[in-house]
Amino acid sequence: MTTTAGTAPGPRALARQRRRASVARFWRQYRSERAGLYGLTVLALCALLALFAPLFVGSDVSSVTDAPGRPMQSPSAEFPLGTDQFGRDLLGLVIWGSRVSLLVGLLAAVLSVAIGTLIGVTAGHFKGWYATVMMRITDWFLVMPTLVLAIALATVMSRSLTTTVVAIGVTTWPTTARLVRAQTLAVETRPYIERAQALGGGHWHIMSRHVLPNVMPLVLAQTTLIISSAILAEATLAFLGLGDPTVVSWGGLLQDAREAGAVSAGDWWYLVPPGIAIAVVALAFTLCGRAVEAVLNPRLGVSR
């Protein structure tokens with residue numbers, strides 16, 4: 001909507017201005033968190049590397065029949081990280097594996113947070129028997145070992161990336177559900193919720209227009225923290241042989257190294273690069289998550 005000189009901007013224009021001001025304020029505060037900036041820089045580099053991996057290493061990097069080197073070559077000028085048991089370039093495999101590891105970690109975290117947010121908001125809003133049932137289910141998932149549940153799901157389902165995402169997502173949501181429910185209960189005690197109900201606002205209107213926007217900062221911070229856990233879980237499942245054997249991932253490379261006897265043979269170049277990649281990305285997401293948490297909720301007192 002256009003405005004003429006001397007005419008006040010409309011509601012939509014005001015809303016856009018407030019959103020832009022809010023984003024700018026968030027970025028100014030985030031930049032003051034040095035650890036968060038370091039993490040964001042690392043993640044940006046990893047994302048660019050994964051996005052343009054076909055340009056760097058080519059889509060045939062995982063081919064066994066066209067392997068360019070000899071099996072288990074140590075690092076050299078030709079192969080900076082050595083070769084694997086089939087003679088494939090490990091540097092190229094690590095770069096290509098970032099695509100799967102980052103994608104699975106992101107999708108699993110989104111699924112986990114979506115389930116947790118849905119259960120947390122509805123349980124906090126409706127209360128009564130529904131909240132009791134949902135919270136008892138949440139408690140059951142909390143006391144059960146997450147990795148054991150994920151392994152059980154990955155075992156009974158077909159071995160694919162979808163299975164890995166579902167196995168991680170449906171077993172890691174309880175923490176988000178409890179946090180979101182607590183925030184929802186706090187939001188619904190505020191006067192504007194009572195006014196919305198008095199004006200005839202229904203359940204969906206209150207949850208979507210009043211509760212959800214107020215819990216989204218918590219959801220955003222929780223998402224960045226869960227992604228690192230999801231990447232580690234994907235690597236664990238792949239290391240245990242429960243991942244998709246047709247794709248290259250960092251966890252899959254560790255599984256291949258174990259099967260090839262790299263540990264006993266002392267072929268460190270087969271183990272160290274994917275392990276360091278997993279640790280660095282998980283740490284970067286954790287740093288970003290802590291920074292987001294500190295910006296959105298300064299009362300937590302998260303140190304820089």
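Reader: What makes the pair of arginine 178 and aspartate 139 a salt bridge?
Author: Their closest N and O atoms are 2.4 Å apart, and a salt bridge asks for a side-chain nitrogen of Lys or Arg within 4 Å of a carboxyl oxygen of Asp or Glu. The pair therefore qualifies. Arginine 178 belongs to helix H8 (residues 174-187) and aspartate 139 to helix H5, so this bridge ties together parts that are 39 residues apart in sequence. A word on the source: this is a predicted model, where local features need pLDDT of at least 70 and side-chain atom pairs count only at pLDDT 80 or more, while totals for chains, interfaces and linings use all residues. Residues are numbered from 1 along each chain as its sequence is written, and side-chain values use heavy atoms, with hydrogens and water left out.

Reader: Why are Arg136, Asp139 and Arg178 described as a network?
Author: Salt bridges link these residues. Aspartate 139 pairs with arginine 178, and the side chain of aspartate 139 also meets that of arginine 136, at 2.9 Å from N to O. Arginine 136 and aspartate 139 sit three residues apart in helix H5 (residues 128-143), about one turn of the helix.

Reader: Where do aspartate 84 and arginine 88 stand, buried or exposed?
Author: Aspartate 84 and arginine 88 are both buried. Their side chains meet in a salt bridge of 2.7 Å, N to O. The count for the structure comes to four salt bridges.

Reader: What makes the phi of methionine 72 worth a look?
Author: Most residues other than glycine have a negative phi. Methionine 72 has a positive one, near 60°, and it lies in the loop between helix H3 (53-56) and H4. With a relative accessible area of 21%, methionine 72 is partly exposed. Lysine 127 has a positive phi too, near 55°, in the loop between H4 and H5. Lysine 127 counts as partly exposed at 38%.

Reader: How many helices and strands does the protein chain have?
Author: The protein chain has 13 helices and zero strands, where helices (H or I, at least four residues) and strands (E, at least two) are DSSP runs numbered from the N terminus. Of its 304 residues, 41% count as buried.

Reader: What is known about the volume and the centre of the largest pocket?
Author: Its volume is about 470 Å³. Of the 19 residues lining it, the closest to its centre are Leu43, Ala47, Leu106, Ile227 and Phe285. H4 gives the largest share of the lining, six residues. Helices supplying at least two lining residues each include H1 (11-31), H2 (34-51) and H13 (268-296).

Reader: Which classes of residue make up that lining?
Author: It holds 17 nonpolar, one polar and one charged residues. Here Ala, Val, Leu, Ile, Met, Phe, Trp, Tyr, Cys and Pro count as nonpolar, Asp, Glu, Lys and Arg as charged, and the others, Gly among them, as polar. Leu43, Ala47, Leu106, Ile227 and Phe285, the residues closest to the centre, are therefore nonpolar.

Reader: And why is it called a pocket rather than a cavity?
Author: On a 1 Å grid over the protein atoms alone, a cavity is a set of points where a 1.4 Å probe fits but cannot get out, whereas a pocket is an open set with protein on both sides within 12 Å along at least five of seven lines; lining residues have an atom within 4 Å of a point.

Terms used. Points joined across faces, edges and corners; volume = space filled by probe spheres on them. Buried < 20%, exposed > 50% of the residue type's maximum accessible area, 1.4 Å probe, protein only.
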